[in-house]
Amino acid sequence: LPLKEKALIRRIAAQAAGRHAALLTGIGDDCAVLRLPPRHDALITTDFSLEGVHFRRDWHPAASVGHRCLARGLSDIAAMGGRPLAALLSLALPRQVPQAWVDAFFRGFLRLARQFGVALAGGDIAQSPSGVLADIVVLGAVPTRRALRRCGARPGDFIYVTGKLGRAVAALELLRSGRKLRPRAHPAHFFPVPRLEVGRALRERRLASAAIDISDGLSTDLSHICDESGVGAVLLADKIPHPAGVPLEFALHGGDDYELLFTATPRSRVPPAIAGVPIARIGEITAAPGLWLMSSNGRRSRLNSKGWEHF
Ligand SMILES: [Mg+2]
C-alpha cells in the first residue's frame, strides 16, 4: 500500500532535495518561493497525464510515466525558447497503487528534472477514485519580450522541424497491436527528450519567426501556428523526416514526438543541426489560409489536421 500522505511527501522531498538557484523555498511551506533572473519574463504551462488517456500502467513502466509527465511541460518551455526553473506536481493515486510504482514514477520524473536543472518545488497528493492522475505545472524564464510565439509566421517563411517524426505513435501502434516493447528500445515513445537546447538557440540567434512543440502531431500543431499567424502552409511530403519503416501518416499526424516546429524568414541562416539535433526544411508559409501537402510529383492535396486517437 502507498505511504500515508505526510510520509509520502517527506519521501518525495528527500528524493527531490538539491540546490537550485531559482528556488528559495521548496516543498514544506504553503507556497514555493522562486526568484526569476533579472530582466526575464516568467513562462508557465500546465499539462495533464491521465491513466487510460496518456498512458497505461500495463504498457508504460512507472519511470516512463513520470518522465513523460515532466517532458510534456518542459517541451512547452522549449517551444517558447525558455529555460525551465521549477515544476509543481499534483498527483492523485488510487489506493491499490504500490509504493514501488510511486517510487519509480518519481525516479523517472526527477532524473529528467535533474538533467535540465529543474527543481520540484511543490505539489499536492490525493487519493484518486480510479486511475492515476498527474497534473504538472512548469515554470520557466525567458529574457524580457523574447519568448518565441506561435503568431509570428509570415508568407514566404520557410517551415522547419527538428529530429524525426512519427516514432512515438509507431511505438504506440505496436503496443495497441498487443506487442510488448522494451522501453529502452523505443526511447522516443517512453523517454522523449524535450528540445530545450534547440529552443534556446533559436531564441538566442533570433532564427525563428514562430515556434511550437509537436505534442498533438505535425498537422495539428502547424495549424495552430497558421491560425495564430493568420497564414497558410504548404508541406513537401518527401522532406518530412521520419525513420525508415515509419509511415508518412504517422509523421504527419502522430502526437507525442516533442520535436520543435518553427518558421524562419528566407534570410535566416538556419543550420542543418542545432545542439546535435538535425533540422529539416519541410515547407513554406503562404498568404492564403489552409494546409496543403505537395507530393514529389508536384501534386497538391489538402492536409487535414487530425490528431492521433490515443487508446
Ligand atoms: Mg505545446
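Predicted model: local features only at pLDDT ≥ 70, side-chain atom pairs only at ≥ 80, totals over all residues.
Me: Why is helix H1 called roughly parallel to helix H3?
Reply: The axes of H1 (residues 5–16) and H3 (residues 99–115) come within 10 Å and cross at roughly 30°. Because angles under 35 degrees count as roughly parallel, H1 is described as roughly parallel to H3. The crossing of the two helices is right-handed.

Me: What makes the contact between H1 and H3?
Reply: On the H1 side the contact is made by Leu-8, Arg-11, Ile-12, Gln-15 and Ala-16, and on the H3 side by Gln-99, Val-102, Asp-103, Phe-106, Leu-110 and Arg-114. Sorted by class, the contact of H1 with H3 has 6 nonpolar, 2 polar and 3 charged residues.

Me: Why is H2 called oblique to H3?
Reply: H2 and H3 pack at an angle of about 40°, with their axes 6 Å apart. Roughly parallel would require an angle under 35 degrees, and roughly perpendicular one of 65 to 115, so H2 is classed as oblique to H3. The passage of H2 across H3 is a right-handed crossing. Residues of H2 that make this contact include Val-65, Leu-70 and Leu-74, while those of H3 include Trp-101, Phe-105 and Phe-109. By class, the contact of H2 with H3 comprises 13 nonpolar, 3 polar and 1 charged residues.

Me: How do you know that Val-102 is buried?
Reply: Val-102, which lies in helix H3, has a relative accessible area of 1%, and since buried means under 20%, Val-102 is counted as buried. Leaving aside residues up to four places away in sequence, Val-102 touches Leu-8, Leu-93 and Val-97. The C-alpha atoms of Val-102 and Leu-91, which are 11 residues apart along the chain, are separated by 10.0 Å.

Me: What makes Asp-76 and Asp-213 donors to the magnesium ion?
Reply: Both coordinate the magnesium ion through OD atoms at 2.1 Å, and the cut-off for a donor to this metal is 2.8 Å. Asp-76 is buried, and Asp-213 is buried as well.

Me: Why is this pair said to tie together parts that are 137 residues apart in sequence?
Reply: Asp-76 belongs to helix H2 (residues 62–79) and Asp-213 to strand E8 (residues 210–213), so the pair links parts of the chain that are 137 residues apart in sequence.

Me: What covers the buried residues of H4?
Reply: In helix H4 (residues 167–176), the buried residues are Ala-168, Val-169, Ala-170, Ala-171, Leu-172 and Leu-175, and what covers them includes helix H5 (187–190) and helix H8 (248–253). H4 is followed by Gly-178, whose phi is positive, near 100°.

Me: Why is the positive phi of Tyr-258 remarked upon, although Tyr-258 is not a glycine?
Reply: Most residues other than glycine have a negative phi. Tyr-258, in the loop between H8 and strand E10 (260–264), instead has a positive phi of about 55°. Tyr-258 counts as buried because its relative accessibility is 4%, where the limit is under 20%.

Me: Why does Ala-275 count as exposed?
Reply: Ala-275 has a relative accessibility of 56%, and exposed means over 50%, so Ala-275 counts as exposed. Ala-275 lies in the loop between strand E11 (273–274) and strand E12 (277–286), and has a positive phi of about 50° although it is not a glycine.

Note on methods: Residues numbered from 1 in each chain as written. Heavy atoms only, no water. Axes fitted to C-alpha atoms, helices over the stretch in contact; angles between N-to-C directions. Helix = DSSP H or I, 4+ residues; strand = E, 2+ residues; numbered from the N terminus. Parallel < 35°, antiparallel > 145°, perpendicular 65-115°, else oblique. Left-handed = near helix turned anticlockwise from the far one by under 90°. Contact = heavy atoms within 4.5 Å. Nonpolar A, V, L, I, M, F, W, Y, C, P; charged D, E, K, R; others polar. Donors = N, O, S within 2.8 Å, 3.2 Å for Na, K, Ca; no water. Buried < 20%, exposed > 50% of the residue type's maximum accessible area, 1.4 Å probe, protein only.
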